[in-house]
Amino acid sequence: MNATTALRNGWQKVFGAGARSARPAPGDTSHGTILYLEDISVSFDGFKALNALTLYIDAGELRCIIGPNGAGKTTMMDVITGKTRPDAGSAWFGQTTDLLTLSEPQIAEAGIGRKFQKPTVFEQHTVMENLELAVAGTKTIWTTLGSPLDRRQHERIEEVLETIRLQDRRSMRAGMLSHGQKQWLEIGMLLAQEPRLLLVDEPVAGMTPQEVERTAELLLSLAGKHSVMVVEHDMDFVRSIARRVTVLHEGHVLAEGTIDEVQNDPRVVEVYLGE
Amino acid sequence: MTNISCTLFAVPGASPGPLFLARRALGWLALLLVVGMLARPAAAAESTSFEQALGHLATANFKQKERAVGELLDARHANTRAVLNALLEGTLYYRKDDRRVFIAAAQDASLRLLDPLTMSDAGTAEASDYTKITTNNQLRKTLKSALASFDLADPDANVRLAAVNELMRSLDADSVSILRARQSSEKNDAVRTAISTGLAIADLDSADAAVRLAAVEQLEGSLNPEAFNRLSALVTKADDGSYAEPDENVRNAARAALNEIDNWRSFYRTLETLFFGLSLGSVLVLAAIGLAITFGVMGVINMAHGELMMLGAYTTYVIQLLMPQHIGASVLVAIPVAFLVAGGVGVLIERGIMRFLYGRPLETLLATFGVSLVLQQIVRDIFTANNRPVETPAWMAGSLQINEAFSITYNRLYVVLFMLIVFAILQLVLKKTSLGLKVRAVAQNRAMAKSMGVRTEWVDALTFGLGSGIAGVAGVALSQLTNVGPNLGQSYIIDSFMVVVFGGVGNLWGTLIGGMSLGVVNQALEPYAGAVLAKILVLIALILFIQRRPRGLFPQKGRAAEN
Amino acid sequence: MQTSHPAIRLLAGERGTQVFLALLLTVGVAAPIMHLAFPEGSALHLSSYTMTLMGKYMTYALLAIAVDLVWGYCGILSLGHAAFFALGGYAMGMYLMRQIGTRGVYGDPVLPDFMVFLNWQELPWFWHGFDMFWFAALMVIVVPGLLALAFGWLAFRSRVTGVYLSIITQALTYALMLAFFRNDMGFGGNNGLTDFKDILGANINAPGTRVALFVASAVALGLGYLACRYITLSRAGRVVQAIRDAESRTRFIGYRVESYKLWVFAFSAVLAGIAGALYVPQVGIINPSEFQPINSIEIVIWVAVGGRGTLYGAVAGAVLVNYAKTYFTATIPELWLYALGTLFVIVTLFLPKGVVGLADKFTSREPAARAVTA
């Protein structure tokens, strides 16, 4: 990238002019695959967080990612969402969108949503405002400054509120919610964004069994229309939702298959039990 | 004496005219002198004793004094030099009643006497009983070359070098012959080079173009300022288009030589800029390194850091007031005291304010700014708003002369050394002591360190004290370089932050390299842009630099560095 | 609760805004009447000095609102707002200098005195146009705005945040101060711009002009407040607060954080510039000491004292601290720095929400200010 292009890209990133119209529709999945990660490597001070990771997610798939601590799960999500730039490799969203050239908001706009490991809702804002911030729509400053939400967005927010069962807490500050409710609110924000690919990092941590069950139902209902990638430690939960499971270890894919295949794979057993 | 014969030789060439009478009178005078000179060897043959020669000085007649100087030289007495030097400096007296000569130092109305024969104390006496032996220009010139030839025989090469340089300032046939005489026997390279430079400069006046050409070639690359001036004069065109140097070849050679000299000079100028930059950089590093610790390790912004430096500088001032007889040692004493004073204040700030504000860096910035205002006002109330005079000890004054184009002032040199020592000690403390281990552990993962049983509160207080103490030590160094006043800290705080930001937080090497490069860049820009503009340019460059490297030269990497 | 258009909510008002606007209106109307209608010596007479002082406080209050918008709402602790204020002031000062005409000490019809003194032969290019009020007024907005856009673009784009940003904004004002101290910059060096005579043809010291400047400051403060309030009530305002609380999270739900920060920063700089432009004709001088880093930090402390993230808190803080400053420097000047320094410490340690937060606590109402940790 030469200096002028860099400057123009920087300009567009900040002023938000013209950047979207120039790009083709993101996430073209005509080949049935929505996410291509190929030979991704990331290192921090010599420590290889990701080591030539290659992973594909199909459109409409619900994929679970498991692996011991330090296997690179969070770093992988950081790469997909633009938070971390890899040292090597390529990451494509569908056929046409090169994720490595986009900033975080551009990736979000292209249709990738993320729920963080630690629930990160805007604690000073009300539940309603949190969803309002997340809801799909034009997010440039001129729009948000000049016009309130349109009716479609309002309807969407109501829908989500119902899904996450927080209707009667809509005016409550998000900081006052319980841990599980915050998890739900964050899932709700993800839904309000209407992404095509959802990255969900440990969704059921700190939830009651009932809440876990409902989360599983929700994720299953999303699959098909959306592609979902779930990182989770809770093996029972994984078993309850997963069709395909990928095991990460030391920054690359150790095994992939159905939950039973993976659990009987001697390498996986060794990684989990042998150390 | 040769100059006198010159006058003599000039007489026959004088044509009769209105000045004839005067010239004839001069001629007679000269003749008289020659007679006097001729008489001298005879006197020498009688081996005029040192004592007699001394007695001849006790006169008002300059001619006689001049002869007496010749006799003193011939006497080759061990004290000759001291006597001649005293005469030159006007500390030679004779007693009115017996015309005995003494070296004397004036003490109020009396004189402290020194017997030149034995160099022993001869007591004190009423000044009114003694007459100072005065000198005139002619005599002083004679004395200077006499002393120079004395010094040229000195066993210390530095004394000889100084003598050669002294002679070079007023080159004439006399000094040239002295230099020539010394040239063959001189063993020391530096002295020999200086002598041949001096002789070459003298040769530029030769009537023989070949001699002048050889002299020019000899002067090629010489850093002697006199050589440069003389060579420049050769190639300077006068208003009528003529040159001082008639010969084309000599002029070309002179141009080449000047070119060469210019190259060397700019080389040494660059070295000098580099050194100035490094010494400025050292000041910046000293100022910033304490900040790097508190900011890097604890994540707090200490806007009162500059005022802690100010406290260090005032500590130096107070120590000097307490031990006025030992200015040389006072600075050394001030270092640990300033460390304790500033460090103590630092611990107070940490315990009183900072510990309530961890995790809220912007608030630490505001609170410590308030502290800085209070500290400034306290200092103003105690020491007034005026700058306080801090003396520079003798061992820090003066400069180290590398060659004629390049010298290093000792205070700048010591600042560089001092900074390196402080840096090394700090590295040792952080790397080798258990406090250092705990500090680094807390810096990397506060919660983890805490659960491992590190008393983080205690580590925080000590870390803050350490950073503050180093600010105090930096203040001692600053007291030797800049004015000590209530605004001392303010003028360094922004620069210090720039160094930390440039170097990267939490990395002492980054601070070292950052400070040094900012210092050098600042100095290098100064001749082109002026001091203020250079500073502005550096600030702008830094703002642009942060574009490329938002976390400085040596960023902390990894997950911990996020947000 | 249906979210309505921010303009409607603005008109519906909230208690703080209503109180503030009512007070501003009262003072803005009463002060000129008390100054003009009551004779000197009357108990109700307001001296020219007091009114000008109040006018000055209002420009400070506008400046404080500008800082509150970026700091209290967007989390950008700018230590550079004194620079925008001073730049606006200089633009106005240049206009006022050009109005002096032949009444200067040297009587040069075009060149200001300091240029004649420096032996300059002609007006530097950047002084052209400042003889026209509209041009100067435009520059009051354009110069701080453009500087903020350029600086903010560089800083936000490379994600310089937190204390780093504070430090480089401070470096910016410091560099500007050094530059403006230079005589050859063409802004009067050390002495700055002063000895103003006329503004828009009216004698700058006439009571009528003083009143007009006071009213203009009050109007600017009111409008600036409403504009900032509108922003904070709009969806954009909530995005900005989201950026303050969790910047990277805001990015992940699709907002161009840099763009938001940049526009808020630039708008705030423009407000600061306008405040500076109103300040200069009332105090009669602008010089490089306005760029001093301490000035920028003082503004921040006004906001902190009043209570950040509320806007009216900023106004209250600016007036309170400056009133204290006027009082101290007139009666016990040597104690002022102690008082100010202690204020910095006390507010950060014990009053994170400022006096507004304190007042809310006593009236035990839902705090209008949302808890903020920078």
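Visitor: What puts two residues in contact here?
Guide: Their C-beta atoms, placed from the backbone, lie within 7 Å. The model is predicted: local features need pLDDT of at least 70, side-chain atom pairs count only at pLDDT 80 or more, and totals for chains, interfaces and linings use all residues. Residues are numbered from 1 along each chain as its sequence is written, with chains lettered from A and ligands numbered from 1 in the order in which they are written.

Visitor: OK. How many residues of chain A are in contact with chain C?
Guide: 30, against 32 residues of chain C.

Visitor: Which helices of chain A supply at least two residues each?
Guide: Helix 1 (3–15), helix 4 (104–110), helix 5 (127–134) and helix 6 (141–146). Helices are DSSP runs (H or I, at least four residues), numbered from the N terminus.

Visitor: Switching to helix 2 of chain C. Which residues are buried?
Guide: C:G16, C:F20, C:P32 and C:H35. Buried takes 20 or more other C-beta atoms within 10 Å of the residue's own, exposed 12 or fewer, with C-beta atoms placed from the backbone.

Visitor: What covers them?
Guide: Helix 3 (48–73), helix 8 (207–233) and helix 13 (312–331) of chain C are included.

Visitor: And what's exposed on the other side?
Guide: Among them are C:V19, C:L25 and C:I33.

Visitor: Now chain B. How many residues of chain C are in contact with it?
Guide: 37, with 34 residues of chain B. Helix 7 of chain C gives the most to that side, 12 residues.
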